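Please open the model in your viewer and keep the selection tool at hand.

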Amino acid sequence: KQAHEEVEHAEAFKHFLQSVGHRVVYQKLDPGKGEFEDFEDVFKKALDHEKLVTERIEKLYDLAQKEDYKFAYSFLQGFIDEQREEESTFTEIVEMLEMVKGGGISER
């Protein structure tokens, strides 16, 4: 479900750029090493990545405002809201995993 949503977001960016006259060029992404210390580390790294994405979208938003490019900052506002939700979700998961790891939750 999450991966499908991320593909939809990428498609939205592509369509937006094309709709305002830009050519979309794909570049190879670094897939990373896929190495994690434990289950909790997977979610901590995912949270860090979401924070990085938020930072980049906010920079685009700030630039759109500086340039008074209303189409862009209107488009990006939805992604800023989405990123807050993503960060919140991953933060909650990390906090729950930390509680379980630390014995803060008893198993049933």
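Select Phe-75 first: apart from its neighbours within four places in sequence, Phe-75 is in contact (heavy atoms within 4.5 Å) with Ala-12, Phe-13 and Phe-16. This is a predicted model, in which local features need pLDDT of at least 70 and side-chain atom pairs count only at pLDDT 80 or more, while totals for chains, interfaces and linings use all residues. Residues are numbered from 1 along each chain as its sequence is written, and side-chain values use heavy atoms, with hydrogens and water left out.

Next, display the aromatic rings. Rings of Phe, Tyr and Trp (its six-membered ring) pair if their centres lie within 6.5 Å; planes under 30 degrees apart count as stacked, over 60 as edge-to-face and the rest as tilted. By this rule there are eight aromatic pairs. Select Phe-13 and Phe-75: the ring centres are 5.1 Å apart and the planes stand at 85 degrees, so this pair is edge-to-face. Phe-13 belongs to helix 1 and Phe-75 to helix 3, so the pair ties together parts that are 62 residues apart in sequence. Helices here are DSSP runs (H or I, at least four residues), numbered from the N terminus.

Is Phe-13 buried, partly exposed or exposed? Buried means under 20% relative accessible area, exposed over 50%, and partly exposed in between (1.4 Å probe, protein chains only). At 23% relative accessibility, Phe-13 counts as partly exposed.

Now turn to the nonpolar cores, each a set of buried Ala, Val, Leu, Ile, Met, Phe, Trp, Tyr and Cys residues joined through side-chain atoms within 4.5 Å. The largest has nine residues: Phe-16, Ile-57, Tyr-61, Ala-64, Ala-72, Phe-75, Leu-76, Phe-79 and Ile-80. Helix 2 and helix 3 are the elements that give two or more residues to this core, and helix 3 gives the most, with five. A second, separate core of five residues includes Phe-43, Leu-47, Phe-90 and Leu-97.

Finally, select helix 2, residues 39–66. Among its buried residues are Glu-40, Asp-41 and Glu-50, and the cover over the buried residues of this helix includes helix 1 (2–19) and helix 3 (70–101). At the N-terminal end, Asp-38 caps helix 2, with a side-chain oxygen 3.2 Å from the backbone nitrogen of Glu-40. Just after helix 2, Asp-68 takes a positive phi of about 55 degrees.

Key:
Expected span 1.5 Å × (residues − 1). Polar contact = N/O pair within 3.5 Å; in protein donor to acceptor, adjacent residues only side chain to side chain.
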